[in-house]
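Subject: Structure handover

Hi,

Here is the structure I said I would pass on. Have a look at it first, and then read on for what turned up.

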Amino acid sequence: MPDVINVSNVGINFAVTRRRRLKLQDFVVRKATITAPNTFWALRNVSFSVRQGEAVGLIGRNGSGKSTLLRLIAGVLMPDEGEVWVNGGVGAMLELNAGFNAELTGRDNVYLLGSLHGFSRRQIDAKYNRIVKWAELEGFMNTPLRHYSSGMKSRLGFSVVTRLEEPILLVDEVMAVGDRRFKRKSYRVMEYLLSQGRTVVMVSHNENDLRRFCERGIYLKGGRKVADGPMDDVLEHYRADTDVDDDEEEDKP
């Protein structure tokens, strides 16, 4: 199978503001600002490729760069170093509110998200009833999204993105939100999409989900790739690292 995603020596540098305590005279005499710039590399020197139809799980502790990497693949962020090449449309479920507007109704958000992926109103019309039925939100589509629970937003977003028919699907902890019924339904959808040859890159802390859907894993630590291989092997590497890190933390006074 050909590659559909190629990440080459990618790095992204985020700016952080560090607050400083200043005297009033600093503003008058020195024209000082209230913040000083600081930066950190969220990702650095990360390279890998993903083949068509492959399912890859990104693992690592919080802050390791997993979600940032998904945003680079989706085109939401641009790298400061290296290149990200994607061959094909991307359906991205990056967070509960990704692509949504909290002030719009559920119905309006379906059309908004669909249009962002290049679908016409007529195309969205043809999918609308199935999207709403699967999300089980028939009585809430005229309600502003700000009144939705996290589970409701997750169901709606997952239902929309998985019906966009994009060949590449990016999923960030979506199945971690919601009740058991939603998880069972979302598992069936994911299995169907994989059987149809979709390419999936997913972030999850649930080892069972990673083993269920992903034959390959990539382990990020401190913004760098430290392991890439069969899912079970990468999970074992991650667990061993995590145990060592936890032991070191416990030894500190």
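Predicted model: local features only at pLDDT ≥ 70, side-chain atom pairs only at ≥ 80, totals over all residues.

A residue is called buried here when its relative accessible area is under 20%.

First, the overall picture. The protein has 253 residues, and 43% of them are buried. Its secondary structure comes to eight helices and nine strands. Of the contacts with a separation of 6 or more, 69% are between residues 24 or more positions apart.

Now for α5, which runs over residues 150-162. The helix has 13 residues and spans 18 Å from its first C-alpha to its last, close to the 18 Å expected at 1.5 Å a residue. How many of those 13 residues are buried? The count is 12, so by the under 20% rule α5 is mostly covered. The buried ones are G151, M152, K153, S154, R155, L156, G157, F158, S159, V160, V161 and T162. Note that K153 and R155 are on that list. An α-helix has 3.6 residues a turn, so residues three or four places apart point the same way. What do the buried residues of α5 pack against? Their partners are the strands β5 (90-93) and β6 (168-172), along with the helices α3, α4 and α6.

One of those partners, α3 (106-116), has its own buried set: G106, N109, V110, Y111, L113 and G114. The cover over these includes α4 and α5. After α3 comes G118, with a positive phi near 85°.

Rolling a probe the size of a water molecule over the atoms shows where empty space is left. The count of cavities of 30 Å³ or more comes to one, and the largest cavity has a volume of about 50 Å³. Its lining is made up of V110, G114, F119, I124, K127, I131, V160 and L164. Both α3 and α4 supply at least two of the lining residues, with the largest share, three residues, coming from α4. By class, the lining of this cavity has six nonpolar residues, one polar and one charged. V110 and G114 are also among the buried residues of α3, and V160 is among those of α5.

The second largest pocket holds about 220 Å³ of space. Around the pocket are K127, R130, T162, R163, E165, V189, Y192, L193, Q196 and R198. The elements giving two or more residues to this lining are α4 (121-135) and α6 (180-195), and α6 has the largest share with three residues. Which classes do the lining residues of this pocket fall into? Five are charged, three nonpolar and two polar.

Is S204 buried or exposed? With a relative accessible area of 6%, S204 is buried, because that value is under the 20% cut-off. The side chain of S204 reaches the backbone nitrogen of N206 at 2.9 Å. Beyond its neighbours within four places in sequence, S204 is in contact with L58, I59, E173, D209 and L210.

Cheers

Notes. Residues numbered from 1 in each chain as written. Heavy atoms only, no water. 1 Å grid on protein atoms, 1.4 Å probe; cavity = no way out; pocket = protein on both sides within 12 Å on 5 of 7 lines; lining within 4 Å. Points joined across faces, edges and corners; volume = space filled by probe spheres on them. Helix = DSSP H or I, 4+ residues; strand = E, 2+ residues; numbered from the N terminus. Nonpolar A, V, L, I, M, F, W, Y, C, P; charged D, E, K, R; others polar. Buried < 20%, exposed > 50% of the residue type's maximum accessible area, 1.4 Å probe, protein only. Polar contact = N/O pair within 3.5 Å; in protein donor to acceptor, adjacent residues only side chain to side chain. Contact = heavy atoms within 4.5 Å. Expected span 1.5 Å × (residues − 1).
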